[in-house]
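Subject: Structure handover

Hi,

Here is the structure I promised to pass on to you. Have a look at it first, and then read on for what I found in it.

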Amino acid sequence: MDELLKIEQLEVKYFTSDGVVEAVNGIDLSLGLGETLGLVGETGAGKTTTALSILRLLPDPPGKITGGSISFDGEALLEQSEKRMREIRGNHISMIFQDPMTALNPVIPVGEQIAEVVLLHNKISKAEAERRALEMLELVGIPAERGREYPHQFSGGMKQRVVIAIALACNPELLIADEPTTALDVTIQAQVLDMMKRLKEELNTSMILITHDLGVVAEICDRVAVMYAGEIVESGTLEDIFESPAHPYTIGLFQSIPSLDEDVDMLTPIPGLMPDPTSLPAGCKFHPRCARATARCAQVNPSCVQTAPGHMVKCLLAGDGADVQGKE
């Protein structure tokens, strides 16, 4: 599969009055054409910071990319001018932000907000841009005549559809969806996910889906990367992660989910909380919460090892060839 996006050893820090926040710590990621990558992990893992780094939208100050490289379609994004990045944003790489309620301008009709994106990136007339905007509304399941209405006249699910229409208006090669269904109820979530999956296939768009919900990942993703404390602790195909999870953190995430197949009295949550990013623990970042941690885990930060073709795990136990789940 042709590679569209490649991130190597990316490091991002926030320099604040309370100290230096180590948000992203040397991650590697790649994405192929037409592929969907699920980026999962707890709040504070660094998922959104990674996405904002791709578009170079980090708040500066205090955020700063302190190391690594990001290549998109052969172009080194961290070396581009701000003018070139404005051409890339929306046209080649689009992002659906977390909350549709705050992503739209409340005093501009939704049709005009979609047309604005089209006008920014295409040399066409205003009338043509408006026609394209109404086509996009129809594409996401909203009647074209509602393009004259304002955001407050739409429900949460409809607002999210408008935000998706804005993101897809210029047929970007890469769509970054940052928890696109978090603010929606379960029924609307399913409709929005089905629509995103259909549009992705129709437009052959690659996608990075940031989410807490492993059910959403199972529905829509081809590959999965699990983040913890600014690091990718496990990555692989959907089958690798769901059928053979190898990192204790990934296993803990699955044990925290109710199952229809098993009758249990109580779930097994991961103990403790995410570490303070201004004072990360030495060694493996997960060891204070890991039931299988050894003294060595507190001293050595493990490197990624390949347990199967394309299945990478950042764990000393995996590196020693042991079964992380404790089976012989």
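Let me start with the cysteines. In this predicted model, the sulfur of C304 has its closest cysteine sulfur in C315, at 11 Å, which is too far for a bond. C304 counts as partly exposed, because its relative accessibility is 40%. For C284, the closest cysteine sulfur belongs to C297 and lies 6.1 Å away, again too far for a bond. C284 counts as buried, with a relative accessibility of 13%. A disulfide would need the two sulfur atoms within 2.5 Å, and the count of disulfides comes to 0.

Next, strand β3, which spans residues 36-40. Why is β3 described as largely enclosed by the rest of the structure? Because 5 of its 5 residues are buried. T36, G38 and V40 point one way from the strand, while L37 and L39 point the other way, and all are buried.

The buried ones are P248, Y249, T250, I251, G252 and L253.

Finally, some backbone geometry for you to check. The loop between α1 (47-55) and β4 (63-72) contains P61, and P62 lies in that loop too. The peptide bond joining D60 and P61 is cis, with omega about -5 degrees. The bond from P61 to P62 is cis as well, and its omega is near 5 degrees.

There are also positive phi values in residues other than glycine. One of these is E179, with phi of about 45 degrees, in the loop between β7 (174-178) and α7 (186-203). E179 is buried, at a relative accessible area of 8%. Another is A229, where phi is near 50 degrees. A229 sits in the loop between β9 and β10 and is buried, with a relative accessible area of 6%.

Happy to talk any of this through with you.

Best wishes

Definitions and conventions: Residues numbered from 1 in each chain as written. Predicted model: local features only at pLDDT ≥ 70, side-chain atom pairs only at ≥ 80, totals over all residues. Heavy atoms only, no water. Buried < 20%, exposed > 50% of the residue type's maximum accessible area, 1.4 Å probe, protein only. Helix = DSSP H or I, 4+ residues; strand = E, 2+ residues; numbered from the N terminus.
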